[in-house]
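Work through the exercises below with the structure open beside you. Try each task before you read its solution.

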Amino acid sequence: MIRKLLFISFILFLLSACDQQKKVADTTDYIKVGDSIAAISFDHLRTALQASMSTDGPAAAIAFCRQQAMPLTSKYNTDSITVMRVAEKFRNPSNALKNPDSTAWSQYKTAIANGDSIFSKTVVTDSAIHYYKPILLQPLCSNCHGVAGKDIPASLVTVIDSLYPGDMAKDFLVGELRGMWHIRFDK
Ligand code: HEC
């Protein structure tokens, strides 16, 4: 954990040194930093989620997610770095795809449909470097994002729908594209 943080700090230092020299840092640097931030953020979310599920059960874990998913996702935000999770079929409307997410989203969808490998990528705009990493559904996630009435018991569907009216994040199968990490590095 400490080593990961040191690594992130080191890369951030390199990136800022590049900026000072008015050089455009190679986007592979942003992929490395993005991969580290996404991995560490996912660790936090998954550990907190599993703890909440085993202590209090899935219904309480959903309420926990509602309060903690956003703050845990943005734990490593800085003045110029914003960490987000976005999805086409979202549960929390704050996580809807925005510009320029849709381009990366449709590229991942096409690659998965064609059976191609998928990797982290960047999209460069005038104001920022946008890092993306696909989030695929794992068996653990089916409890709350799987098929309603089968993977998600009917009682839990009621809890989800009462907390998230208009929820679209059910009926996913393991391996499907559930969402993307989106980390914006402001220029
Ligand atoms: C205990 C139920 C639960 C489990 C298990 C769960 N999630 Fe979620 N998930 C939620 C809730 C609730 C939200 C909305 C959080 C919020 O309000 O920000 C959410 C939001 C998300 C989002 C953000 C986009 C959106 O729909 O708002 C992604 C991506 C996501 N989950 C992926 C996963 C993945 C991948 C797993 C498995 C590793 C997983 N979830 C396991 C309940 C769960």
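**Exercise 1. How many aromatic pairs does the count come to?**

Solution. Keep in mind that this is a predicted model.
- Step 1. Count the pairs. The count comes to 1 aromatic pair.
- Step 2. Describe the geometry. A pair of aromatic rings is described by the distance of the centres and the angle of the planes. Here the rings belong to Tyr-30 and Phe-185, and their centres are 5.0 Å apart.
- Step 3. Classify the pair. Planes over 60 degrees apart count as edge-to-face. The planes of Tyr-30 and Phe-185 stand at 65°, so this pair is edge-to-face.
- Step 4. Tyr-30 belongs to helix H2, and Phe-185 to strand E4 (residues 177-186).

**Exercise 2. Find the protein donor to the iron atom of the ligand.**

Solution. 
- Step 1. Look for donors. The iron has a single one from the protein: NE2 of His-145, 2.1 Å away.
- Step 2. Locate this residue. His-145 is in helix H5, which covers residues 142-145.
- Step 3. A polar side-chain atom of His-145 lies 2.9 Å from a ligand nitrogen.

**Exercise 3. Describe the shell around the ligand.**

Solution. 
- Step 1. Count the residues. The ligand is surrounded by 23 residues. Among the closest are Cys-141, Cys-144 and Arg-178.
- Step 2. Sort them by type. The shell has 16 nonpolar, 3 polar and 4 charged residues.
- Step 3. Trace them to elements. Helix H2 (27-56), helix H3 (58-73), strand E3 (128-136) and H5 each supply at least two shell residues. H3 gives the most, with 6 residues.
- Step 4. One from Tyr-164 lies 2.6 Å from an oxygen atom of the ligand. One from Asn-92 lies 3.0 Å from a ligand oxygen.
- Step 5. Look at the space itself. The ligand takes up the largest pocket.

**Exercise 4. Which side chain does His-44 join in a polar contact?**

Solution. 
- Step 1. Start from the helix. His-44 is in helix H2.
- Step 2. Find the partner. The side chains of His-44 and Tyr-76 are joined by a polar contact of 2.9 Å.
- Step 3. Compare sequence and space. His-44 and Lys-75 are 31 residues apart in sequence. Their C-alpha atoms are 9.3 Å apart.

**Exercise 5. Inspect two backbone details.**

Solution. 
- Step 1. Which residues does a cis peptide bond join? They are Asn-99 and Pro-100, with omega at about -5°. Pro-100 is in the loop between strand E1 (81-86) and helix H4 (101-113).
- Step 2. Turn to phi of Asp-171. The angle is near 65°, a positive value in a residue other than glycine. Asp-171 lies in the loop between helix H6 (154-163) and E4.

Notes
Residues numbered from 1 in each chain as written. Predicted model: local features only at pLDDT ≥ 70, side-chain atom pairs only at ≥ 80, totals over all residues. Heavy atoms only, no water. Donors = N, O, S within 2.8 Å, 3.2 Å for Na, K, Ca; no water. Helix = DSSP H or I, 4+ residues; strand = E, 2+ residues; numbered from the N terminus. Near = heavy atom within 4 Å. Polar contact = N/O pair within 3.5 Å; in protein donor to acceptor, adjacent residues only side chain to side chain. 1 Å grid on protein atoms, 1.4 Å probe; cavity = no way out; pocket = protein on both sides within 12 Å on 5 of 7 lines; lining within 4 Å. Sits in = over half its atoms within 2 Å of the grid points. Nonpolar A, V, L, I, M, F, W, Y, C, P; charged D, E, K, R; others polar. Phe/Tyr/Trp six-rings, centres within 6.5 Å; stacked < 30°, edge-to-face > 60°.
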